[in-house]
Amino acid sequence: LYDKELLSETSTDYFINQLNNQQLTYALNRGLTDEVFFAHKTGILDDVSHDAGVVTYNDKEYVVTVMSDGWSNASSEAGTIFDSVGSYVMVYLYNNKGE
């Protein structure tokens, strides 16, 4: 999908637009700042919580995936891990100046 080889151009554009307009904000974007754009897909069950997508910063793109497991209630417990990982991503972006 990222290389635009998985689907037709129209379908790829549609799918990327759906990821760009993701409204669920309980996961990785909790730790990201407004300086980045995050096109992503979340996934949550009682014991797992995941988020994966493309982070855009300074016109550079990075694929980021977080998969967690072992929660009793992922919707209320997993937020702190996403805050931390998002903060680490921001440190990486700042230290590498988007390069």
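This is a predicted model: local features need pLDDT of at least 70, side-chain atom pairs count only at pLDDT 80 or more; totals for chains, interfaces and linings use all residues.
## Strand pairing

Two strands count as paired if DSSP finds at least two bridges between them. In total, eight bridges join S1 to strand S2, which spans residues 48-57, and the two run antiparallel. S1 and S2 form a hairpin, with three residues between them.

Val48 has Asp69 as its bridge partner in S3. S2 and S3 also form a hairpin, with two residues between them. In that turn, Asn58 has a positive phi of about 50°.

## The sheet

The three strands make an open sheet in the order S1-S2-S3, with antiparallel pairing. Strand S1 (37-44) and strand S3 (60-69) stand at the edges; each has a single partner strand, so one side of each is left without a neighbour in the sheet. From one strand to the next, the twist averages 10°.

Strand S2 is mostly covered, with seven of its ten residues buried.

## Helix H3 on the sheet

Helix H3, residues 79-96, packs on the sheet and touches S2 and S3. The direction of H3 makes about 20° with that of S2.

## Aromatic pairs

The structure holds two aromatic pairs. Tyr57 and Tyr94 form an edge-to-face pair, with 6.1 Å centre to centre and 75° between the planes. Tyr57 belongs to strand S2 and Tyr94 to helix H3, so this pair links distant parts of the chain, 37 residues apart. Tyr57 has a relative accessible area of 9%, which is under the 20% cut-off, and is therefore buried. Tyr94, at 34% relative accessibility, counts as partly exposed.

Tyr62 and Tyr92 form an edge-to-face pair as well, at 6.0 Å centre to centre and 85° between the planes. Tyr62 lies in strand S3 and Tyr92 in helix H3, so the pair ties together parts that are 30 residues apart in sequence. Tyr62 counts as buried at 15% relative accessibility, whereas Tyr92 is partly exposed, with a relative accessible area of 45%.

Technical notes: Residues are numbered from 1 along each chain as its sequence is written. Side-chain values use heavy atoms; hydrogens and water are left out. Helices (H or I, at least four residues) and strands (E, at least two) are DSSP runs, numbered from the N terminus. Axes are lines fitted to C-alpha atoms, for helices over the stretch in contact, and angles run from 0 to 180 degrees between N-to-C directions. Contact means heavy atoms within 4.5 Å. Rings of Phe, Tyr and Trp (its six-membered ring) pair if their centres lie within 6.5 Å; planes under 30 degrees apart count as stacked, over 60 as edge-to-face and the rest as tilted. Buried means under 20% relative accessible area, exposed over 50%, partly exposed in between (1.4 Å probe, protein chains only).
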